[in-house]
Amino acid sequence: QAPLYILGIDTSCDDTGVGIVELSASGSVQVRANRIWTQAVHAQYGGVMPELASREHVERIDGVMADALAEAGLKVSDIGAVAATSGPGLVGALLVGLMYGKGLAQALDVPFFAAHHLEGHIFAAASEDNLQAPYLALVVSGGHTHLFDVPEEGKYILVGATRDDAAGEAFDKIARLAGLGYPGGPAIAEAALRGNPDAVPFKEPLQGQKAFEFSFSGLKTAALLAHKAGAKPEDLAASFQRAAVHVLVKTTRRAAEAYGRQTVVVSGGVAANTALREAFNQTDLHVVFPGKGLNTDNGAMIALAGAAALRAGRAPSPLAAGATAYAP
Ligand code: KG4
Ligand code: ZN
């Protein structure tokens with residue numbers, strides 16, 4: 001039996017992502033292409049401008065898809081299913097990829113799947129070693145810091161989330177404050193290599209809690225005060241990164257113990273962070289991270305979510321499926 005090629009599209013924020021995965025007859029998946037156009041226009045504002053993001057998606061998506069097909073060595077007529085992110089994200093930005101995906105599926109007469117962005121992030125890691133539930137999943141990105149228990153395929157139980165800022169948002173804001181550039185995650189990670197993690201004392205957020213929640217606004221305020229008091233950017237970066245990594249690993253470990261899970265999937269943009277990966281690898285847990293190019297927003301992870309839906313025998317989404325800023 002011939003393999004099925006699934007094209008995935010993510011335009012939830014400021015990256016135009018198109019990926020293609022191959023679903024073999026035996027059910028195994030393999031990423032065949034993953035192309036991302038990262039919008040540079042936002043750098044001058046230090047944050048994403050929604051209207052500019054939508055326009056750039058419109059201008060770029062055709063080219064990104066052509067690049068993805070070329071990378072996979074496929075023609076558009078080889079595509080057997082299409083998946084696109086329907087939420088959560090910026091509604092105007094989401095609509096571009098969603099409409100494009102629906103149009104493509106209709107033109108090719110193939111099934112269409114509206115995908116959940118966070119499920120995509122989770123599959124970006126889980127499909128690394130064709131991992132099957134049960135596992136715990138930590139999604140740490142610019143928009144989310146969410147812990148899910150995944151007792152069985154397709155079932156997600158929210159264990160805890162951030163009460164305020166997402167972890168990536170804190171990296172971005174502290175980098176901007178310290179003049180380290182945008183996006184802040186990689187900038188902080190790089191500066192931290194030259195800094196002293198003991199220089200700035202950060203108090204552990206929500207210390208002693210019984211729940212599995214996160215909070216990053218206190219770290220952000222502490223960073224602002226330290227910055228005003230003259231802390232060096234690289235010291236601020238090293239100290240903040242250590243505090244953020246510590247609380248992410250500690251809370252996830254407690255949750256894994258409480259839910260009886262040995263395997264943890266860590267995904268989303270912040271999962272690209274080397275210090276975070278090292279800290280997780282030092283625990284007694286089996287930790288799975290996304291492969292190269294699959295941490296931050298991308299289309300391949302949405303194609304992987306589409307492949308999982310197909311494999312599970314889920315019915316395709318109606319072409320009336322809309323975009324949602326907040327998707328529970
Ligand atoms: O998953 P993603 O591309 O977009 C969202 O869905 O939010 O995540 C982007 C976030 C940004 O906040 C960025 O600063 C952060 O991921 N990030 C990192 C690193 N690379 C990206 N944070 C820490 N260390 C990194 N190496
Ligand atoms: Zn994301």
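1. Gly-185 counts as buried because 26 C-beta neighbours lie inside 10 Å, where buried requires 20 or more other C-beta atoms within 10 Å of the residue's own, with C-beta atoms placed from the backbone. The residue is found in helix H5 (residues 184-192), helices being DSSP runs of H or I with at least four residues and strands DSSP runs of E with at least two, numbered from the N terminus.

2. This is a predicted model, in which local features need pLDDT of at least 70 and side-chain atom pairs count only at pLDDT 80 or more, while totals for chains, interfaces and linings use all residues. Residues are numbered from 1 along each chain as its sequence is written, and chains are lettered from A and ligands numbered from 1 in the order in which they are written.

3. Leaving out residues up to four places away in sequence, Gly-185 touches Gly-168, Phe-171, Asp-172, Gly-269, Val-270, Ala-272 and Asn-273, contact meaning C-beta atoms, placed from the backbone, within 7 Å.

4. Ser-141 sits in the loop between strand S6 (135-140) and strand S7 (145-150), and is buried, with 24 other C-beta atoms within 10 Å. Beyond its neighbours within four places in sequence, its contacts include His-121, Gly-168, Gly-269 and Val-270.

5. According to UniProt (unreviewed entry), the feature "binding site" includes Ser-141, Asp-172, Gly-185 and Asn-273; such annotations may be inferred rather than shown by experiment.

Methods:
Buried ≥ 20, exposed ≤ 12 C-beta atoms within 10 Å, placed from the backbone. Contact = placed C-beta atoms within 7 Å.
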